[in-house]
Amino acid sequence: MNRAFTAVRLDPAHTEWPVRLREMRRRLTERPTLLPHHFLEVVLPKIGGECFAVVPSQAGTAEVPCGYAFLLPRDARGEGQEYTLRYEHVAGFAAVGGGEIVKAVEEKLQPGQRTRFYRADGDHTFTATHIDLEGIDCGRPDASEAAAIREMQHAIWHSLPDGLYPSDLHSDEAGLGCSLVARVDGALAAFLLGFHRFSPITTALPLQNYNRELMLESQLLAVAPGRRRRRIGQLLKRLQARESMDTGVDLISWTTDPLLFANALLNFTRLRAVACEFQPSFYPFRNELNRLTAARLIILWPVRSRRVQMALRDETQPGPCEVEADPELIVVNQGSRAPIFDAASARIAIEVPGDWVALQRLDRQAAQRWRDTTTRLLDHYIGAQQDRFVITSTGVSGARRYLIGERVDGKLLEDIFAPAG
């Protein structure tokens, strides 16, 4: 006898969303195929994803899910939007066919939205690719490299199991927006992963010349400690840009801690991305690199812009500007002290620590003072509105490190987002 199922949408905007996620994880029990808790709580709704409880309709089991369907944006290049329906089954319930789950979920979607069923614990294929970039072997991972990505994430961030991304995400069937690795001497040296995104950019920006229906949310970039300072992260980002444009994706976004200067140097000075938004409390988690509140700059990388295309063709390693060489550049803080909130200049410099990770580890109170001061400054200055500032580059003055912001006027954003050609 055929069974009937109902899909119940779990609303991430509900105040009980974090509590419901914890209950869901309790029902599913800890398993290596589960998406990280912080991803489900914060990123899934941000990228336009969905979460459904799949409930059998038989009497006596009402409202008790037999499984959960996680909808990850997959494609929007044809008619409508396609999701990967990632299904996780609750132990103790009879197995459910993929067709039954798809039918129950798609009944709750909008016209033009469809799903492609995917079992996280099923059999998967991994097709490795190999592209030589300045002597570094880059491309999609094979099965063993996909498993090693999870191990590297744990080694670098010391994340708990519920904070690690599943290895199967890198399979051909999963349809991940970006899955790239770098290999040195045949061993995994770095990885880069990202998800497709349907939800639009909320900030008013001149993006009329860009595809806003399908974007890429770049989620994690990591380079093994012994392999840093070899431009590997930059090479992977350049390959990400190339592959994204090949699939019609014009806009890539990600988040970064504003106090990580090495990341800022890569993001703003070398990749020529910009930050037009700041969120003072983004992720709820704590790990080795995030011992305090996880404030984030929201990065936007318009890969088809003239500005970015010039950076991608530049074979040099551009460095930060000399702050003292620009008399019109106003420094708005002295470390964690003396914040200035009335800068009237066209450009500002916000000082950040030279080594934020070490500062968090060695002097938590000093780190908290840095976080508090810079959060106030960034929250005050950063935005795409007229006369606010966007972060566009980095600066130095001796051992001091800075984020450089430019005041928004009628021309700045048009220049930043002007398409190439």
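## Cavities

The structure holds two cavities of 30 Å³ or more. It is a predicted model, and every value below was computed from it.

The largest cavity has a volume of about 60 Å³. Its lining is made up of Ile 201, Thr 203, Leu 205, Val 274, Ala 275, Cys 276, Glu 277, Ile 298, Ile 299 and Leu 300. Two strands, E12 (274-283) and E13 (294-302), each give at least two residues to this lining. Strand E12 provides the largest share, four residues. By class, the lining of the largest cavity has eight nonpolar residues, one polar and one charged.

The second largest cavity has a volume of about 50 Å³. It is lined by Leu 72, Pro 73, Thr 84, Leu 169, Ala 174, Gly 175, Leu 176, Gly 177, Phe 195 and His 196. Strands E3 and E9 (187-197) are the elements that give two or more residues to this lining. Six residues of the lining of the second largest cavity are nonpolar and four are polar, with no charged residue among them.

## The second largest pocket

About 430 Å³ of space lies in the second largest pocket. The pocket is lined by 20 residues, and the closest to its centre are Gly 175, Leu 176, Gly 177, His 196 and Thr 247. Gly 175, Leu 176, Gly 177 and His 196 also belong to the lining of the second largest cavity.

Three elements each supply at least two residues of the pocket lining: strand E3 (67-75), strand E8 (178-184) and helix H5 (232-246). The largest share, three residues, comes from helix H5. The lining of the second largest pocket divides into four nonpolar, eight polar and eight charged residues.

## The five-stranded sheet

Strand E3 is also part of an open sheet of five strands, in the order E1-E2-E3-E4-E5, with mixed pairing. Strands E1 (5-9) and E5 (113-119) are the edge strands, and each pairs on one side only. On average, neighbouring strands of the sheet are turned by 30 degrees against each other, direction ignored.

Strands of a sheet pair through backbone hydrogen bonds, either parallel or antiparallel. Strand E2 (residues 50-56) and strand E3 pair in the antiparallel sense, over five bridges. Within this part of the sheet, Ala 53 stands opposite Tyr 68 in E3.

## Helices on the sheet

Helix H2 (residues 37-46) packs on the sheet and touches strands E2 and E3. The direction of H2 makes about 40 degrees with that of E3.

Helix H3 (residues 98-106) packs on the sheet as well, touching E1, E2, E3, strand E4 (81-89) and E5. The direction of H3 makes about 150 degrees with that of E5.

## Helix H6

Helix H6 covers residues 261-270, and seven of its ten residues are buried, so the helix is largely enclosed by the rest of the structure. The buried residues are Phe 261, Ala 264, Leu 265, Leu 266, Asn 267, Phe 268 and Thr 269.

Arg 272 follows helix H6 and has a positive phi, near 65 degrees.

How values were computed:
Residues numbered from 1 in each chain as written. Predicted model: local features only at pLDDT ≥ 70, side-chain atom pairs only at ≥ 80, totals over all residues. Heavy atoms only, no water. 1 Å grid on protein atoms, 1.4 Å probe; cavity = no way out; pocket = protein on both sides within 12 Å on 5 of 7 lines; lining within 4 Å. Points joined across faces, edges and corners; volume = space filled by probe spheres on them. Nonpolar A, V, L, I, M, F, W, Y, C, P; charged D, E, K, R; others polar. Pairing = 2+ DSSP bridges. Axes fitted to C-alpha atoms, helices over the stretch in contact; angles between N-to-C directions. Contact = heavy atoms within 4.5 Å. Buried < 20%, exposed > 50% of the residue type's maximum accessible area, 1.4 Å probe, protein only.
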